[in-house]
Amino acid sequence: MVDIATRVHNHNWKIDPIVRSLIDTDFYKLLMCQSVFRNRPEAQVRFSLINRTTSIPLADLIDEGELREQLDHIRSLRLTRGESTWMRGNTFYGKRQMFRPDFMEWFENLQLPPYHLERKGDQYELTFEGSWPEVMLWEIPALAVLMELRGRAVLRDMGKFELQVLYARGMTKLWEKIERLRGLDGLRIADFGTRRRHSYLWQDWAVQAMLEGLGDKFTGTSNCLIAMKRDLEAVGTNAHELPMVYSALAKSDAALRQAPYDVLADWHEEHDGNLRIILPDTYGTKGFLDGAPDWLAGWTGIRIDSGDPAAAAEVAIDWWKLRGEDPTKKLVIFSDGLDTDKIIELHGQFKGRVRTSFGWGTLLTNDFRGLTEDDALAPFSLVCKAVSANGNPTVKLSDNPNKAMGPKAEIERYKRVFGVGDQDRMEVVV
C-alpha cells in the first residue's frame, strides 16, 4: 500500500502528476462522449470553471505557473495501448464492445484542445472551447487539478510527521464511516468522487478501503483508471451536460421543451439495462416527469442529484405508479452531497419501496473537515460546466435554485418553457 504522507512530503510532480491518464476520468464522461461523437459532433461548445465557494481565493492559493504545468501535462497525454485494450475488450454493464470501433479510433488519436487561463481578482478564469466531443473531456481533469493544487498549497508547509498524523486521522475518519455502513442490509454504493477528490492516491486508497470494508455492497468506481487498475466495475450513466447543450442548440421554445427528451431518445438507441437511468432535474424533476413520453417509464431507474432527495424519490415513485410501473422493481440512485448519515437515512426510508443505490462523491474522496487549522482542507463547491453551445448560452435550473446557472433572462425563459415555479433553496455543500 502506498505511503501517501511520504509521497506528499517528497513530492515530485513528474512522479505524481495530478492527472496521469486520459481515462483518469469518470466513466459517464466517456459514455457521453461517444454519444456526442455519434449524434452532435459538430457542435461548438465552451466550458468554464465556476467556483461557487467564492471565499476560497484560488488564484491566491495556487501558483499560475504550477497550474499551467499541470494543464500542459494533461494535453501531452494519449490513450495507451493497455487502456485502449481495456476499453475495447472489457465488459461494461454486461455488454462487450460498448465503445464502438470508430469512437475508439478517434479517442486513440485525441489530444485535448488548448485552454484559456487568466487571473481575475482572486480567482482564475479557465475556459475550454472547441468541438463538443473534444472539449467535454477537459471537465473532470480540470476540476481534479484545481482541487488537488489547492490541497497541495495547504500541505506544502507541513512536516513529515504532521503529514503522517493528518493522513492517519483521515484514514480513521473514512474507516469509521465504512464501519457504520457495513450494517445496512442490501446496501449498494459506488465511488463517484473523482471530480473533487483530495488526490488520485487518496481516491485510490478510499476505493480499496471501500472494497475491503464493504465487500459486495461496494459496486464499483466511476474512475476508469482505478477501475482498470483494481479490476473493478466502472460505473456511471449520463449527466446534466447533455440536456444543457441540446437545449442551447434548440431553435424555438417548442424545440427547447423537447430537447431533454431528445437526449434520452438518442441514449435509448445506444444503451439498455442499468444504463437507462433518467436524470430529470436539469429543468425541474416534476415538470420533466409530467411531460415525459410513456416509453421513459419503462427505463430502469432515476438518478437524484439536487433538491430534497427524499421528496424527489417520492415524486418518482408516484410517477411510476401513475404510469403502471412497479416501483419496487425500479432503481433510485442518490448522488447529491451524500455522507454517512444521509445514506443511512435514505436507505432506511426507501428500503422495500424501490431498489436504492448511492453514488458517494466528495465526502468519500475528500473529507478532511476538522483535521487542519482553520479547516483549510475542507472541500468546496467547484464545477466546470458547458456555458455555451454554438454561441447560445446554456442554462441549468436544477431542483435547487442555488445550483441554477445561466444568464438571468435565459433562466426566466427556461422557467417559463418548463413550467418551473417557486423552489426551495438548499445549501450547496459540495
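In which sense, right-handed or left-handed, does α4 pass α8? In this predicted model, the crossing of α4 with α8 is right-handed. Helix α4 covers residues 64-76 and helix α8 covers residues 139-155. Their axes come within 11 Å and cross at roughly 145°. From α4, the contact involves Glu66, Leu67, Gln70 and Ile74. From α8, Pro141, Val145, Leu146, Leu149 and Arg152 take part. By class, the residues of this contact are 6 nonpolar, 1 polar and 2 charged.

Helix α8 also lies across strands β1, β5 and β12 (382-389). Its direction makes about 145° with β12. These strands belong to an open sheet of 5 strands, in the order β4-β5-β1-β12-β13. The pairing in this sheet is antiparallel. Its edge strands are β4 (115-120) and β13 (392-393), each of which pairs on one side only. Within the sheet, β1 (residues 44-51) and β5 (residues 123-131) are joined by 5 bridges. In one of the pairings, Arg46 has Glu129 in β5 as its bridge partner. A further helix, α12 (residues 241-248), lies across β1, β12 and β13. Helix α12 runs at about 25° to β12.

A second open sheet has 6 strands and parallel pairing. The strand order is β7-β6-β11-β10-β9-β8. Strands β7 (218-221) and β8 (277-278) stand at the edges with a single partner strand each, so one side of each has no neighbour in the sheet. Helix α15 (residues 309-322) packs on this sheet and touches β8, β9 (301-304) and β10 (331-334). The direction of α15 makes about 160° with that of β9. Strand β6 (residues 189-191) runs parallel to β7 and is joined to β7 by 3 bridges. Here Ala190 stands opposite Gly220 in β7.

The largest pocket has a volume of about 880 Å³. It is lined by 49 residues, and those closest to its centre are Phe192, Arg303, Asp305, Ser335 and Gly359. At least two lining residues come from each of α2 (27-39), α12, β10, β11 (355-360), α17 (362-365) and β12. The lining comprises 19 nonpolar, 14 polar and 16 charged residues.

The second largest pocket holds about 390 Å³ of space. Of its 19 lining residues, Thr285, Lys286, Asp399, Asp422 and Gln423 are the closest to the centre. Helices α14 (285-290) and α15 each supply at least two residues of this lining. Its classes are 6 nonpolar, 8 polar and 5 charged.

The structure also holds 4 cavities of 30 Å³ or more. The largest cavity contains about 90 Å³ of space. Its lining has 13 residues, of which Pro243, Pro260, Leu279, Thr282 and Phe288 are the closest to its centre. Helices α12 and α13 (253-270) each supply at least two lining residues. The largest share, 3 residues, comes from α13. The lining of this cavity divides into 10 nonpolar, 2 polar and 1 charged residues.

About 70 Å³ of space lies in the second largest cavity. Among its lining residues are Val19, Ser21, Leu22, Asp24, Thr25, Phe107, Leu112 and Leu137. Ile74 and Pro141 line this cavity too; Ile74 in α4 and Pro141 in α8 also belong to the contact of these two helices.

How values were computed:
Residues are numbered from 1 along each chain as its sequence is written. This is a predicted model: local features need pLDDT of at least 70, side-chain atom pairs count only at pLDDT 80 or more; totals for chains, interfaces and linings use all residues. Side-chain values use heavy atoms; hydrogens and water are left out. Axes are lines fitted to C-alpha atoms, for helices over the stretch in contact, and angles run from 0 to 180 degrees between N-to-C directions. Helices (H or I, at least four residues) and strands (E, at least two) are DSSP runs, numbered from the N terminus. A crossing is left-handed if the near helix is turned anticlockwise from the far one by less than a right angle, and right-handed if clockwise. Contact means heavy atoms within 4.5 Å. Ala, Val, Leu, Ile, Met, Phe, Trp, Tyr, Cys and Pro count as nonpolar, Asp, Glu, Lys and Arg as charged, and the others, Gly among them, as polar. Two strands pair if DSSP finds at least two bridges between them. On a 1 Å grid over the protein atoms alone, a cavity is a set of points where a 1.4 Å probe fits but cannot get out, and a pocket is an open set with protein on both sides within 12 Å along at least five of seven lines; lining residues have an atom within 4 Å of a point. Grid points are joined across faces, edges and corners, and a volume is the space filled by probe spheres set on the points.
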